[in-house]
There are 2 protein chains.
Amino acid sequence: MRWCRFESEGRISFGIVEGDSIIKVDGNPFEEHSITERRLPFANVNLLVPLIPRTFYAAGINYRDHVIKMAAITGREGQIPQSADIGYRAHNALIPHDQPIILPRDATDRTQYEGELVVVIGKRAKHITKEEALDHVFGFTIGNDFSERTWQAGDRGLWRAKNSDTFKPMGPWIETDVDLDQMKTIIRVNGNEKDNFKTNNMIFDIPTYMSRMSDYMALEPGDVIWMGTDGVPENVKAGDTVEIEITGIGTLRNSIEKEE
Amino acid sequence: MRWCRFESEGRISFGIVEGDSIIKVDGNPFEEHSITERRLPFANVNLLVPLIPRTFYAAGINYRDHVIKMAAITGREGQIPQSADIGYRAHNALIPHDQPIILPRDATDRTQYEGELVVVIGKRAKHITKEEALDHVFGFTIGNDFSERTWQAGDRGLWRAKNSDTFKPMGPWIETDVDLDQMKTIIRVNGNEKDNFKTNNMIFDIPTYMSRMSDYMALEPGDVIWMGTDGVPENVKAGDTVEIEITGIGTLRNSIEKEE
């Protein structure tokens, strides 16, 4: 099932995507809700980020090839993480599918996409085992962990490098039924394929992260965990369009503009 | 004016604190709202965190004495930050005044309070000057940036060091009228004063942070910025009670328990 969130006639609703239609839902998928009779043409609504997360978790470095290849390019030693320590991203930066990423006025030309699987929590999880983890997942969406690399290397923390407004596209919807081991992440810039990797080929898989996190923080419905990217992102610039496809979910597409 | 958020008879509302009473408000202080005729005794309600932030910003190191004294104790060189780079804390960790901080099972005995002024944004701010900044502030509350120092030194990032469940007490309410330069932050453990510092004696003051942040991220109503702590926090343990008073706002009090 594909859950989306949209605005139509000034009202924000959740909905279920079926072909070219959205079936309106009263309430939200994480609480009691009812599926209405109302169908809207998909093309007629404004798609929003599929949920506003409670806590916005992000794994950061979580693919071996990414570490090795980035190290080869930068000449710095690559560090494979030793444990599933989670990080964070910021709510202000979220935008939906099809809205532009806006490069801040003083951003350098070292701005890059990162295509990521996003886990959406559906059921409270505290002190869970790895075996129990996936039962607490509601579904999956796609994230672009857009980054300004000069700031990432020079600033304290990742604030503007990773969290400038519009730097966190998420969507287009939440897919509840996937086969993690069959999924591929495909990244295209202006239609040209740039990366193609097995989505579930992570250093620490989703159950490992969820189990470890849950020893310290209750995962709650509406939390999201961005799972990191593989491959070697390239620079993109104003005028480019980035597409992140994850097979079994869909495609998140965002163009890039420069702030005036 | 003192704004609080509370639960009474299963319903969550905002309210205005007047002496021993709370005047119930319909709606929230950041949007259209109406002050009702209903008064509740303050002692009869469950106080909640005074708001659920949209983005949860935290300045981290922001007092010169804190850097110098901590360096003297640890024997490591103290780093005075060179620019107002913001950081983040996590929503899962928030608890209100008077709820216990729960130490995770495997936390070491190096757990410490940090008493901080919290800025609550009231009006959207993008590309603002320092002079304009305070016009965008709704009010101020108090935060305890509770920390597990062993994890803080050893983990990637601050996830469980700073963001374990219950590690971010915030409250008791939001005060809209303060004189920043007159305020003092006083920290007590079990009634004994441990620190006492000028609240506004920051390395980068509130307008400096807000102006710089606003060049990259729109500050929105309901965002919070925790402004850092001064002094040298001491270890606290299960059974202790930490009080953080900021004159002109009030006192945030939380006891400490060990997870079972």
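Helices (H or I, at least four residues) and strands (E, at least two) are DSSP runs, numbered from the N terminus, and that naming will guide us through this predicted model. Chain A has five helices and 19 strands, and a rotation of 180 degrees superposes it on chain B.

A word on conventions: residues are numbered from 1 along each chain as its sequence is written, while chains are lettered from A and ligands numbered from 1 in the order in which they are written. Since the model is predicted, local features need pLDDT of at least 70 and side-chain atom pairs count only at pLDDT 80 or more, whereas totals for chains, interfaces and linings use all residues.

**Confidence**

- Chain A has an average pLDDT of 96, and 100% of the residues score at least 70; pLDDT is the predictor's confidence in each residue, from 0 to 100.
- For the model, ipTM is 0.95 and pTM is 0.97.

**How the two chains are arranged**

**The contact between the chains**

- Chain A brings 24 residues to the contact and chain B brings 24 residues, where two residues are in contact if their C-beta atoms, placed from the backbone, lie within 7 Å.
- On the side of chain A that touches chain B, the elements giving two or more residues are β7 (87-88) and α4 (159-163) of chain A.
- The most comes from α4(A), with three residues.
- Sorted by class, this side of chain A holds nine nonpolar, seven polar and eight charged residues (Ala, Val, Leu, Ile, Met, Phe, Trp, Tyr, Cys and Pro count as nonpolar, Asp, Glu, Lys and Arg as charged, and the others, Gly among them, as polar).
- The copies meet through the same surface, because 100% of the interface residues of chain A are also interface residues in chain B.

**Domains within chain A**

- Chain A is assigned domain 1 (1-47) and domain 2 (49-258), with bounds that come from an automatic or database domain assignment.
- The C-alpha centres of these two domains of chain A are 25 Å apart.
- Nine residues from domain 1 of chain A and 18 residues from domain 2 of chain A make up their contact.
- Strand β1 (residues 2-8) of chain A gives the most to the domain 1 side, with four residues.
- That domain 1 side has seven nonpolar, no polar and two charged residues.

**Overall build of chain A**

- The C-alpha trace of chain A spans about 60 × 45 × 30 Å along its principal axes.
- Of its 260 residues, 47% count as buried (buried if 20 or more other C-beta atoms lie within 10 Å of the residue's own, exposed if 12 or fewer, and partly exposed in between, with C-beta atoms placed from the backbone).
- Among contacts in chain A between residues at least 6 apart in sequence, 71% link residues at least 24 apart.

- A:Ile187 belongs to strand β15 (residues 184-189) of chain A and counts as buried, with 24 C-beta neighbours inside 10 Å.
- Between A:Ile187 and A:Gly115 there are 6.8 Å in space, C-alpha to C-alpha, although they are 72 residues apart in sequence.
- B:Lys24 lies in strand β3 (residues 21-27) of chain B and is buried, with 20 other C-beta atoms within 10 Å.
- Beyond residues up to four places away in sequence, B:Lys24 touches B:Ser13, B:Gly15, B:Thr36, B:Arg38 and B:Leu40.

**Backbone details worth a look**

- A:Gly171 and A:Pro172 are joined by a cis peptide bond with omega of about 5 degrees, and A:Pro172 sits in strand β14 (residues 168-175) of chain A.
- In chain B, the peptide bond from B:Gly171 to B:Pro172 is cis, with omega near 0 degrees.
- A:Asn190 has a positive phi, near 50 degrees, in a residue other than glycine, and A:Asn190 is exposed, with 12 other C-beta atoms within 10 Å.
- B:Asp98, also not a glycine, has a positive phi of about 75 degrees and lies in the loop between β8 (94-95) and β9 (101-103) of chain B.
- With 15 C-beta neighbours inside 10 Å, B:Asp98 is partly exposed.

Notes:
Copies are superposed by least squares on the C-alpha atoms of residues with pLDDT of at least 70 in both.
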